[in-house]
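I opened this entry to keep track of what I looked up, going from the overall chain to its charged pairs.

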Amino acid sequence: MVLALNIRGGQHLGQFGFGSEDLTLHDGWIHLNNLKDGPELDTTGYWLLPGIIDLHGDGFEHSLAPRRGMMTDLARGLDAVESELALAGITTAWLAQFWSWEGGMRGPDFAKRLALAMTQTQQARRIDMRMQLRLEAHMIEDDAEIRALISDHAIDYVVINDHLPHAHLTEGRQPPRLTGAALKAGRAPEAHLALMHHYAANGPKVPDFVAGLIETFAPETRFGAHDEETAEIRAKSADLGLGISEFPTTQEAAQTAQKMGARVIMGAPNVVRGGSHDRRVSAELLIREGLVDALASDYHYPALAEAAFALSDRGVLPFEAAWALISSGPAQMMGLKDRGQIADGLRGDLVVMDPKTRQILGCFAAGRLVLARGSFADRLLSG
């Protein structure tokens, strides 16, 4: 028998603002004003917010490899990642993992290990953790291995990247930080440079390679492009079928994405900082223009909730619209019709927050408790 948890007294954020209906979590789902047999939880004084959905986060890397060589048991590292996600109110997360010539944690071997560890531990997770494959577009020789990875581990989000320093390679100049990058990849600088030249020569074959992956795996797998700089680049991405523009670096790229029907993701840290850390386009500017469909944590999980408050505090968006950028917006983008809002019949993904301190004190994923801390933990224990 599955017990129900009846939640009373709190203010929950719906599509049009806060409401005070009683909630019940039963068998993983939300029920409004339909109390069932089971314990009651008093959330008076707290906000209940939809669980956060993070489409792109690489903050997991420090938990999996805090020092070089500390990559022995990835399952233990993923336990730590799950705890970090819960503390940030994230109930669905895509871990942004490279398949790149850059090597190390960005190399194909590590991507395979991580995918296997995530698959093997998936049933034990309460938070829905998935892999986003950040694929370096010029690695066309790896086609069979990439296809196997996507198929074997049900990868549903692939983002095309291009980190090759094309201008330096074309002009015969040494790319910046070559020695450090080579050492990180476990190669001699000369070998690392030769590898970059090899992959750059694959350029003419990249469009067919990417189009072939999309033809095979879409629509079950969604495809996007990363760091698009110009309208022309975005237009080429659209021609290939890359329907998501992830972190466009200019206003014109984001505008073109919207005009051509693509969805746009920007980084929450960009919002919190009030601008890009590397002088690219401001996420807040694009949000004010209505060009952004979702925010992602990028490199800092807590930035998602912080960004929602920053947008509200600055008068950019009402709070419910700002929170939608980290909940219902990402859900709609990924076709997740069962989550993203607090509504009858949807997944029991809830964030419990103290509105006075804006601290996340509790988190439920699919109706199961993942986090309880502070005064909320005290209330649970005393109840």
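**Overall chain**

I began with the radius of gyration: a compact globule of 383 residues would have a value near 21 Å, and the chain has 22 Å, which agrees. I note here that the model is predicted. Along the principal axes, I found that the C-alpha atoms fill a box of roughly 70 × 45 × 35 Å.

I then looked up the secondary structure and got 16 helices and 18 strands. For burial, I read that 52% of the 383 residues count as buried. The chain exposes about 17000 Å², and carbon and sulfur atoms supply 50% of that area.

I also checked contacts with a separation of 6 or more; residues 24 or more positions apart account for 67% of them.

**Charges**

I looked up the charge count next and found 36 positive and 49 negative charges in the chain. Their mean positions are 3 Å apart.

Side chains of opposite charge can pair when their charged atoms come close. How many salt bridges does a search of the whole structure find? I got 20.

**Arg8 and Asp22**

I found the side chains of Arg8 and Asp22 in a salt bridge, at 3.3 Å from N to O. This pair links distant parts of the chain, 14 residues apart: Arg8 belongs to strand 1 (residues 4-8), and Asp22 sits in the loop between strand 3 (17-19) and strand 4 (23-26). Asp22 counts as buried because its relative accessibility is 17%, the cut-off being under 20%.

**Glu145 and Lys112**

I looked up Glu145 and found a salt bridge with Lys112, with the closest N and O atoms 2.4 Å apart. Here too the pair links distant parts of the chain, Glu145 being in helix 4 (residues 143-152) and Lys112 in helix 3 (residues 108-121), 33 residues apart. I noted Glu145 as partly exposed at 36% relative accessible area, and Lys112 as partly exposed at 32%.

**Arg288 and Glu284**

I found a salt bridge between the side chains of Arg288 and Glu284, 3.0 Å from N to O. Both lie in helix 12 (residues 283-288), four residues apart, so about one helical turn separates them. Arg288 is partly exposed at 49% relative accessibility, whereas Glu284 is buried at 14%.

**Network**

Last, I listed a network of salt bridges that links Asp128, Arg130, Asp156, Asp338 and Arg339.

Methods
Residues are numbered from 1 along each chain as its sequence is written. This is a predicted model: local features need pLDDT of at least 70, side-chain atom pairs count only at pLDDT 80 or more; totals for chains, interfaces and linings use all residues. Side-chain values use heavy atoms; hydrogens and water are left out. Helices (H or I, at least four residues) and strands (E, at least two) are DSSP runs, numbered from the N terminus. The radius of gyration is taken over C-alpha atoms; the globule rule is 2.2 Å times the number of residues to the power 0.38. Buried means under 20% relative accessible area, exposed over 50%, partly exposed in between (1.4 Å probe, protein chains only). Contact means heavy atoms within 4.5 Å. Accessible areas come from the Shrake-Rupley method with a 1.4 Å probe; for residues, only the protein chains shown count as cover. Lys and Arg count as positive and Asp and Glu as negative; His and the chain ends are not counted. The place of a charge is taken as NZ of Lys, CZ of Arg, CG of Asp or CD of Glu. A salt bridge is a side-chain nitrogen of Lys or Arg within 4 Å of a carboxyl oxygen of Asp or Glu.
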